[in-house]
Structures are given as structure tokens and as C-alpha cells.
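Dear colleague,

Here is the structure I said I would pass on. My notes on helix packing and aromatic rings follow it.

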Amino acid sequence: MLVKINVENFKSFDKAAELTMISSNKIRSNASHKIKIKSTQILKYGVVYGANASGNLIEFFRFFKECVQTGMPMDAVQMFCKNRKENKFRESRFEVQLAVGKRFYAYGFSAVLSRRKIMEEWLYELYQNGTARCLFEREGKKRPILGDAVVLDDAENNKFEIYAGDFEGNETALFLKEMNKGKKYDADSKLWFFREVYDQIENHILIISPNTPLIDLEYYYDDESLRCIDQLITTFDTGIRQVRIEEISLDELAHSLPETVFDKMMQHIKSRMEGRDNQLFRLTMRSSESFFNVEVQGHNEPKITTIRLKHNRSFYDLGFEEESDGTRRLFDLIDMLLNCREDVVYIVDELERSLHPKLTAHFLELFMKMHKDHRMQLLFTTHESSIMDQSIFRRDEIWFIERGVDNESTIYSLDRFKERYDKVLSKAYLEGRYGAVPVFSSFEFEPKADREE
């Protein structure tokens, strides 16, 4: 579960900015929107408004995950906040606070992005009384060290010293990733926190944006799942009454995709199959105009299927690429409705993209109903003001990102305005009461005078 994020000197975020999912103890409405972990109340939903700067919040999560999974990307050199000259060589800071089971962690790192250099990395366990204990930290090229409270037996201590020694001098990768490269831990290992935190970031924070190409889901393979999808899709009034799957060859798939996308997909399958010992692996691959399912059993040839969509009064089935942008977008949303995994955090860019406002509201109603009893969070950016309603969201669930005249973004919650419960928020927002709306300058067009003959 996501508890809090902090970011500094990244994209449009210059000074330290914070977004928290810890609920306000003064708001009594929508009590079902909270999950209690020990004595901390965590919000299940977060809605972020902003003229254009809100997209950089999604970029924070994407960048953070990429650094953890594969190391500092090459294009990081241009990701520092460019509103001040000195920012090019100033450290940028990234931190997420997470709840994993009943434990709370703060994991983060700092880097000089223009040089692709990790300056610091840290992981702390947080306690309810406000204290924390260091689990590990590193500084620049120095060897990572464990916190004093982490006491290992001789065997594990020897292993850690080897791992830390091998990593010494590495400035572009994170030690959290290094400790998850084929390293084996027993469930009672004192180093288990490396696996626990990494798994939460890699597999439980799911980012969905218009260009998300690979999604590990398993909803389009059996009749029961397809029947559930049929029932859901009809509630959105798209005209679709049935979704069915159709098998195609690997060659057909290769010819349907750009070579780079196909190669990336096959590499992804290979990496996920490593060490699975003949287990079944499934993957849904989707782009703006294609939809494929890949099923692999051990070392057998992959089975590839695509979906075909039957409309109410159409004689022929339609392919995914023939549907409207809005209909294709609904398949992203349906995935989120069907997924019942615990501790999943969905980070969604422009939830309302290509959707009618009523469809967006309908999705949110279904999501809240279907996941009422699940430890699941949805944090999304949007421009749709009609859902800014206190009957749908709590004040502390609604956030704004405003970019000022100096091009610097600030994050703040609606809760700071202390609005009445009967206040029409959408109207006040569009009138500029809360900021984070476009401000247009005037422009006068003067046509050129007709030239004399």
C-alpha cells in the first residue's frame, strides 16, 4: 500500500513536494475509503487535478520504478527541474513510503540526474510512535552498509559482505535491485526486507497510461472470465455483447507488431519464465490498436490469442483495432475491476481519456463497489471536474498540482480549504478557487489590411 511520496528537483518539481495517502482524522464521510493498518488510516483513493503539470506525478512513479528495476535511464540527464540554472548539478530526491503487510517502510535515493550518478540510497522501517530504524544505506561509490539494528548470523553476514563488496563503486544502479538478482532468502531471513520492498515496488505498483504495452493479467483465457467480461462491458453501453478469443500464430503476431515491440515482448516473456520450472505463464499485451494474449507452458511454443468483439446488431465480429478509442480504453478499466490481488496500487494517467463523463463516474462506482473489501488503491490524474464531488471522494482524497509563474509545480490537498460538505466543488474549481486550472492570456487578432491594387 502506498503511504506517501516525496520528490525534489524532478521535471516541474523544484522544491520538495509531498503527496500523502494518510487520511485526515477530521473527515468522517466515506469511512469505507480507509484501510486501517495498525493505528494508521490509509486512503484507498487519490484524485489529482492540474492543468498539465499533473502528468509529472505519473512520470515520478514511472522513473522511480525504472530506476529500481533496471537502473538509471539514459534520458535521466534531462529530467532535472529546469526552471533554475543551478538545478542541473543539484541533487534530486525520490522517496516512497509503503505499507507491506503490517510493516511500514521508507525507501528512496538521491541522484545528480545530469550526471546519472546515485548519491545516496536508504531504506528505513517506520514505527507508529514516529521513530525509525535504518535497514541499509549507501553513499555514492561507497560499500552499502546495514543499519546497526540488523544483526545477521555468520553465514548471512558473509553473504551480505560479498554482495556489498561486489556492488561497491556502482553509481548508476540501486542496491535494492542488486539484492534481488537471483539472491535466495529464507522467509525468516533478517535480509527478507530487501525482497519484500522490491516486490512491492515491482509487482504491486501498476502504472497505466496511453502507452502501456505489457500487462501481466490472466482474464482472457477461460470461459468464466470471459462471461464476467461480457457482463461488465455491457454495463458501459458500448454495443458489445460478447468477447471471444481467437488463436493466431506467432508469425502473425510478429507481423502485427513493430519489430522493437515484438522483441521487447519476447524478452519480457523470457525473463518472467526464468526459474519457473515448467510452470504456466500468461501475459496480456496491449497497445492502442492491438490486443494479444500469450500463454506459455514450460519450453513449449507460445500459444497466441487475440480478442474478437460481437456487437448487438452486427453480422461480423470486430477486431480490437476497429473499435473506438473509448471502447479500447474500457479494457484498461475492466482489467482494474477484475483484478482482486491484495496490496495493488493502480497509478493511472488521465483516467477519463476518451470516455464520456458518465462512463468515468460509472467505472469509479464499480471499482469502489467491487473492491470495497480489498487492500487496493487507485491514484489517478484527471481533468474531469464532474467527479469532483464530496459524495464520491473525501476532501483529503482530492489533490491539486499547480504550476506557478516560475514554472515550478506545487502539490496541495483540497482538505486545506475546509469546504462545507454541500459545496459544489466542480463549480468552485472551474472558477479558479483552488488553483491548478489553465490561465489564458488575452490575444487580439488584427487582420492585415487589403492591399491596394
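A charge counts as sitting over a ring if NZ of Lys or CZ of Arg is within 6 Å of the ring centre and within 35 degrees of the ring normal. The charged end of Lys82 is placed in this way over the ring of Phe80, 5.7 Å from its centre. Lys183 has its charged end over the ring of Tyr163, 4.8 Å from the centre.

The model is predicted: local features need pLDDT of at least 70, side-chain atom pairs count only at pLDDT 80 or more, and totals for chains, interfaces and linings use all residues. Residues are numbered from 1 along each chain as its sequence is written, and side-chain values use heavy atoms, with hydrogens and water left out.

Ring pairs join Phe10, Phe60, Phe61, Phe63, Phe64, Phe94, Tyr107 and Phe109 into a cluster.

Now the helices (DSSP runs of H or I, at least four residues, numbered from the N terminus). Helix α5 (residues 223–235) packs on helix α8 (residues 325–338) at about 120 degrees, with the axes 11 Å apart; axes are lines fitted to C-alpha atoms over the stretch in contact, and angles run from 0 to 180 degrees between N-to-C directions. In contact (heavy atoms within 4.5 Å) are Cys228, Ile229, Leu232 and Ile233 of α5 with Leu330, Phe331, Ile334, Leu337 and Leu338 of α8.

Regards

Note on methods
Phe/Tyr/Trp six-rings, centres within 6.5 Å; stacked < 30°, edge-to-face > 60°. Helix = DSSP H or I, 4+ residues; strand = E, 2+ residues; numbered from the N terminus.
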